[in-house]
Amino acid sequence: MKKHLLAAATLALTTVTAASALAADEPKQGGTLVMAIQTTPRHLNPAVQSGTATGQPGTQLFASLLRYDEGWEPQPYLAESWEISEDELTVTINLVEGATFHDGKPITSEDVAFSIDTVKANHPFKSMFAPVTAVETPDATTAIIKLSEPHPALMLAMSSQLLSIIPKHVYGDGQDPKAHPQNSENVVGSGPFKLTEFKRDQHIILERYDDYFMEGLPYLDKIVMRIVKDGAARTIALESGELMLSGFEQEPRDINRMKKKDTLDVSNAGYAAIGPVNWLAFNTQQGKTADPAVRKAIAYAVDRDFLLKAIMLGATEAALTGIHPGSPFYDGTVEPYDIDLDKANQLLDDAGYAKGDDGMRFPLTVDFGWASAKPVAEYLKPQLKKVGIDITVRSSADFPTWAKRVSNHEFDITFDNVFNWGDPVIGVHRTYSSQNIKKGVIWSNTQQYSNARVDELMAMAGATNDIEKRKKYYAEFQQILADELPLYPLYPSPYHTISNTQVGNPPNSVWGTSHPLDRVYLK
Amino acid sequence: MSEPFNNTTANDVAEAQIKVSHPLAEMASMFFRNYAAVAGLILLIVIILFVFVGPYFHPVDPFEMVWAPFSRPMEEGFVLGTDYLGRDMLAAMMVGGQVSMAIGLAAALISLFIGVTVGAFAGYYGGVVEEILMRFTEFFQVLPTLLFSMVIVALFGASLLTVTLAIGVVSWTAVARVTRSEFLRIRELEYVAAARSGSASDWYLIFKVILPNALPPIIVQANLMVGSAILFEAALSFLGLSDPNVMSWGQVIGSNRPYILDSGFTVAIPGFAIFLTVLAISLIGDGLNDALNPKLRQR
């Protein structure tokens with residue numbers, strides 16, 4: 001019998017950050033943390049809403065079963081311990097004793113079953129709990145999850161904002177959970193902080209929940225999440241000390257500027273589970289990009305290192321595949337397509353695309369959907385001219401316009417940014433699965449790529465908990481994709497957490513700031 | 001013997017004086033009396049030479065990445081440095097200037113066409129026609145122009161054509177009002193009444209009789225519009241609503257804007273070029289106003 005057991009005792013010793021272990025200061029109780037989030041969340045209930053705007057306040061309001069440390073290790077949270085059966089089809093969760101919701105009612109296995117059902121039915125990430133056939137509740141602190149097949153994504157899907165434990169007696173009242181009035185006000189949560197005030201476009205104020213189930217936590221009395229959309233405004237407020245913490249910062253110039261500031265800690269630790277990867281996606285079915293030789297030639301003609309230096313200003317690193325480099329499944333041994341203009345020209349010549357009198361072989365359009373992607377699109381125009389591809393940069397008026405074009409497959413090449421969301425099953429498979437070619441759905445397989453072996457590898461890697469086997473499957477998967485190149489990976493978004501040096505234990509889990517801040521304290 | 005000659009000379013002088021006061025010559029002299037306007041004209045000529053003749057002496061593709069990004073002006077062999085992709089700023093300024101000026105001119109012509117048509121008919125016919133046309137004009141006048149042009153570009157996509165049309169479509173109202181007020185004044189004058197009594201058609205009266213006499217203030221207005229259209233294009237580009245496949249001064253500003261704190265020159269140079277051009281056009285407009293507006297002239 002294979003058992004994964006973790007005692008609650010180890011929890012007390014496990015600190016969120018390695019840095020805090022080195023720091024001499026002891027965590028201190030009390031204080032108000034003023035931090036920034038970048039957009040107003042639609043509402044605060046992550047059980048029925050994806051996105052980190054909801055996730056950052058949502059993970060304070062609602063506890064999940066597990067939490068992940070910076071080393072991708074699951075740690076006990078609401079689940080005191082858990083056990084996976086030999087056949088990997090049954091997962092038994094033992095809940096911590098005495099945990100209560102913010103209204104004082106106990107958190108029971110009933111609520112866990114209800115939460116899983118709600119997420120399964122309403123959350124956009126369908127693959128998270130798709131194999132769950134039933135959740136049994138033999139007693140108040142035991143939940144048994146039954147699976148139709150082994151489901152390796154389950155552990156990550158039970159952490160952070162992906163499985164918020166919500167009270168059945170509040171959200172199970174028959175109303176549509178997506179439009180429940182208590183998603184935005186009078187939120188009854190299970191996490192370390194409870195909601196005081198949510199003012200759209202202004203702030204979210206959270207207060208310490210005194211009966212939180214983790215002993216002695218949270219350290220902070222209050223968290224004020226100010227909603228600051230403008231990156232420059234956040235930078236200035238962080239520099240002046242008005243803001244103490246901000247996650248998901250990705251503007252290289254702002255990051256480099258704040259790195260020079262003594263009062264700020266700038267860290268790119270974490271975010272591997274968010275896993276945001278930027279790439280150039282190709283239309284693999286229509287036009288010239290349907291020819292793999294053309295896609296490869298473009299990959300050889302694009303200088304990824306130049307983009308990293310000139311546009312990302314060294315704030316991030318290369319991603320050679322569509323899996324985030326911070327993921328344990330990332331395979332960095334694939335063909336990197338380092339710049340080689342001769343090879344690119346050779347590939348195009350061999351494929352029969354002769355240069356015309358003007359030195360051009362054929363035209364292609366490049367799309368981009370948001371302002372920060374424009375420099376990359378503009379870069380492609382002169383760069384691909386060097387191999388005789390005449391690029392027209394097509395700007396879209398707004399994000400929906402771009403999303404409509406790309407999701408309806410009306411593009412040749414587009415810059416895109418897709419999140420891995422922890423396990424590849426949740427955020428990676430959707431990009432390559434031939435089952436997921438869905439017209440009109442953005443971030444489905446908009447490349448319209450289809451390969452039977454790739455489908456098979458994803459199915460196998462998604463149906464076993466054996467990490468070594470999975471690594472092997474995903475390695476082959478990445479090798480095939482690097483060879484057929486439905487998309488040319490560029491780099492992960494340079495997500496950084498900026499914190500004032502006064503902030504102890506800044507969050508740097510694999511989920512970034514979309515993670516309970518119960519161990520954060522003010523020095 | 002000498003007297004008759006002297007008389008002839010006096011007559012000649014009188015005749016010569018009449019020749020000097022030919023309307024165009026008089027206009028020119030009024031214009032050149034305004035030194036600021038002359039300076040503006042010289043400045044504009046220099047800019048036009050730079051933009052249209054410059055590329056023959058500096059034939060570099062402004063899209064080509066020729067050097068490392070953000071090489072500062074004069075430091076590494078690039079007179080105006082390189083932009084964020086390492087493209088030659090000097091070439092971008094030359095080729096971009098052509099586009100900026102072309103957009104300015106084309107947009108001004110579009111708004112001139114719409115404005116003069118609307119204003120002429122409103123002023124000539126009066127009554128219901130005037131009511132409808134002027135309410136229509138006011139409708140466009142109260143719309144925030146930049147916002148309106150952004151909507152147009154957003155709806156129809158950012159191409160050179162839509163940007164030009166958007167600018168033209170939002171900035172014709174002033175022309176329409178000026179044209180209308182001139183028409184209201186001129187249609188009551190005696191020479192119009194005379195032409196009308198000669199059973200001239202409405203069409204003839206509008207375009208052959210009244211419009212030529214209403215032109216001076218319209219020309220001044222149109223001139224200023226070229227300047228504001230260039231500014232408009234820059235504003236749209238700054239907001240990212242420009243055709244990324246065409247180099248213009250606004251496009252240079254728009255694409256280098258994120259790097260303004262690190263390498264301000266890439267934004268400052270095209271900004272300065274726009275400033276100089278618009279200034280030159282405004283000064284010329286001032287001089288034209290002096291030359292063409294008889295009422296102001298007497299002050």
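How many residues does the contact take from chain A, and how many from chain B?

Author: The contact takes 16 residues from chain A and 17 residues from chain B, two residues being in contact if their C-beta atoms, placed from the backbone, lie within 7 Å. On chain A, helix α12 (374-385) and strand β15 (389-395) each supply at least two residues of the side that touches chain B. Helices (H or I, at least four residues) and strands (E, at least two) are DSSP runs, numbered from the N terminus. With eight residues, α12(A) gives the most to that side. By class, the side of chain A that touches chain B has eight nonpolar, three polar and five charged residues. Here Ala, Val, Leu, Ile, Met, Phe, Trp, Tyr, Cys and Pro count as nonpolar, Asp, Glu, Lys and Arg as charged, and the others, Gly among them, as polar.

This is a predicted model, in which local features need pLDDT of at least 70 and side-chain atom pairs count only at pLDDT 80 or more, while totals for chains, interfaces and linings use all residues. Residues are numbered from 1 along each chain as its sequence is written, with chains lettered from A and ligands numbered from 1 in the order in which they are written. The scores are ipTM 0.71 and pTM 0.77. For chain B, the mean pLDDT (the predictor's confidence in each residue, from 0 to 100) is 82, and 91% of its residues reach 70 or more. Residues 1-5 of chain B have pLDDT below 50, and this stretch has zero contacts in the model beyond near neighbours in sequence.

Back on chain A, β15 belongs to an open, mixed sheet of five strands in the order β15-β14-β16-β13-β17. Strands pair if DSSP finds at least two bridges between them. β15(A) and β17(A) (487-492) are the edge strands, each pairing on one side only, and the twist averages 30° from one strand to the next. Inside this sheet, β14(A) (residues 362-368) and β16(A) (residues 413-419) run parallel and are joined by two bridges; A:Asp367 has A:Thr414 as its bridge partner in β16(A). The helix α12(A) lies across β14, β15 and β16 of chain A, at about 165° to β15(A). Axes are lines fitted to C-alpha atoms, for helices over the stretch in contact, and angles run from 0 to 180 degrees between N-to-C directions.

The axes of α12(B) (residues 249-256) and α13(B) (residues 265-292) come within 9 Å and cross at roughly 155°. That makes the two helices roughly antiparallel, as angles over 145 degrees count as such, under 35 as roughly parallel, 65 to 115 as roughly perpendicular and the rest as oblique. Residues making the contact include B:Trp249 and B:Ile253 of α12(B) and B:Pro270 and B:Ile274 of α13(B). The contact between these helices has seven nonpolar, three polar and no charged residues.

Chain A also has an open, mixed sheet of seven strands, in the order β8-β9-β10-β1-β11-β18-β12. Its twist averages 20° from one strand to the next. In this sheet, β11(A) (residues 245-249) runs antiparallel to β18(A) (residues 496-500), with three bridges between them, and A:Ser246 stands opposite A:Ile498.
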